[in-house]
Amino acid sequence: MYWIVNHSLDPAFNLALEEYFLGRIEPGHPGYAILWQNSPAIVVGRFQNTRQEVNADFVRERGISVVRRMTGGGSVYHDAGTLNYTFIHHLDKEGALPAFSEAGKPIAEALQKLGLPVTFSGRNDLMLDGLKVAGVAHCRRGMRYLHHGCILVNSNLDVLSQALNVDPAKYKSKGVASVRSRVGNLAEYLAVHSPDLPPLTVQRVRDAIMEHRSGDEYRMNAADFVAITRLRDAKYSTWDWTYGASPPFTERKAQRFPWGKVEVSYDIRQGSVVECHFYGDFFMAGPGKSLTDEASSCEIYDLEEAMRGVPYTNEALSPVLDRFPLHLLFSGCDPDELKAFLLPGR
């Protein structure tokens, strides 16, 4: 097995790196292993609705990246206190994918040697004392196989819980929602149960894994970096992949203002609005003049129609709202306040 040396903290680059090396595995290849970290990021599963998984306002305020990986499963939070691992190899026979417990066995064994009695439980969780300390996922392309996981060594669990905190009533989606699990850090467990041992760090866990699973070092060359960067830019750092690849979903918002209550429902397909409807007990001051065409009047249904087909992003929807006299369509409103409510928030 080759250990790939990767010092990048760029979430999109690191996900592109995985896909790139998965594509290079051929029969007889000894396989690749990678230990890597990301700057603060939420990594959503391949089949999830990104907006359903992410607390958009909190993530934006904290500068937390949001990316989508190529494997299924639920959303995870990465920061300096998490260590991620990846194993890539060529399967030697057709049939079912390896069990998570089998594919992740080297990780469990390395952690056990550190005095951490971890076990695989449920579908794809690595557990310790009733707490989830790692989530794992995998995928297959032909006979090529990738297994990876995120180990909570000393992660900021307060940030984790807030970054992944979304009101479940806000969305209706055909995506796979993450199962919220009770999570814990390896370092906290060791500090309580083995106080005489040195504090557990990401580096100690990294060293233990590499010692348990020995292999030759592979240093990426210029061609590797160029190809991975190209894949990152074309896929993993794009809105189309991170948000547009989300399954169809509906977002409903409601807010009461001094001048009335407004509810808006967006149906989203492939990242764009296909239906938009406004409801509420607000008043309309009368048909307003279009701000872009003084000869034509506009009503609420014109605004609804204008939203259809527009990407569900602040950048795309904001100019559409700017074309309409919101203060007339929603009598008494503050246009900027209403616009902030109507936009997705990310």
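User: What makes Glu19 and Arg141 a salt bridge?

Analyst: A salt bridge needs a side-chain nitrogen of Lys or Arg within 4 Å of a carboxyl oxygen of Asp or Glu. The closest N and O atoms of Glu19 and Arg141 are 3.3 Å apart, so the pair meets the definition. The pair links distant parts of the chain: Glu19 sits in helix 1 and Arg141 in strand 9, 122 residues apart. Helices (H or I, at least four residues) and strands (E, at least two) are DSSP runs, numbered from the N terminus.

User: What kind of model is this, and how are residues numbered?

Analyst: The model is predicted: local features need pLDDT of at least 70, side-chain atom pairs count only at pLDDT 80 or more, and totals for chains, interfaces and linings use all residues. Residues are numbered from 1 along each chain as its sequence is written, and side-chain values use heavy atoms, with hydrogens and water left out.

User: Which residues are linked with Asp233 in a network of salt bridges?

Analyst: The network links Asp10, Arg232 and Asp233. The side chains of Asp233 and Arg232 meet at 2.9 Å, N to O. Asp233 has a relative accessible area of 42%, so Asp233 is partly exposed. The structure holds 14 salt bridges.

User: What about Asp79: how do you know that it has no salt bridge?

Analyst: The nearest side chain of opposite charge, Arg62, is 8.9 Å away. Lys and Arg count as positive and Asp and Glu as negative; His and the chain ends are not counted. Asp79 lies in the loop between strand 5 (76–78) and strand 6 (82–90).

User: What makes Asp79 and Ser155 a polar contact?

Analyst: A polar contact is a pair of N or O atoms within 3.5 Å; within protein, one must be able to donate a hydrogen and the other to accept it, and residues adjacent in sequence count only if both atoms are side-chain atoms. The side chains of Asp79 and Ser155 make such a contact at 3.1 Å. The side chain of Asp79 also reaches the backbone nitrogen of Asn156 at 3.0 Å.

User: How do you know that strand 3 and strand 5 pair?

Analyst: Two strands pair if DSSP finds at least two bridges between them. Strand 3 (residues 41–44) and strand 5 have three bridges, in the antiparallel sense.

User: Why do strand 4 and strand 5 stand at the edges?

Analyst: The open sheet of three strands has the order 4-3-5, with mixed pairing. Strand 4 (65–68) and strand 5 each have a single partner strand, so one side of each is left without a neighbour in the sheet.

Note on methods:
Buried < 20%, exposed > 50% of the residue type's maximum accessible area, 1.4 Å probe, protein only.
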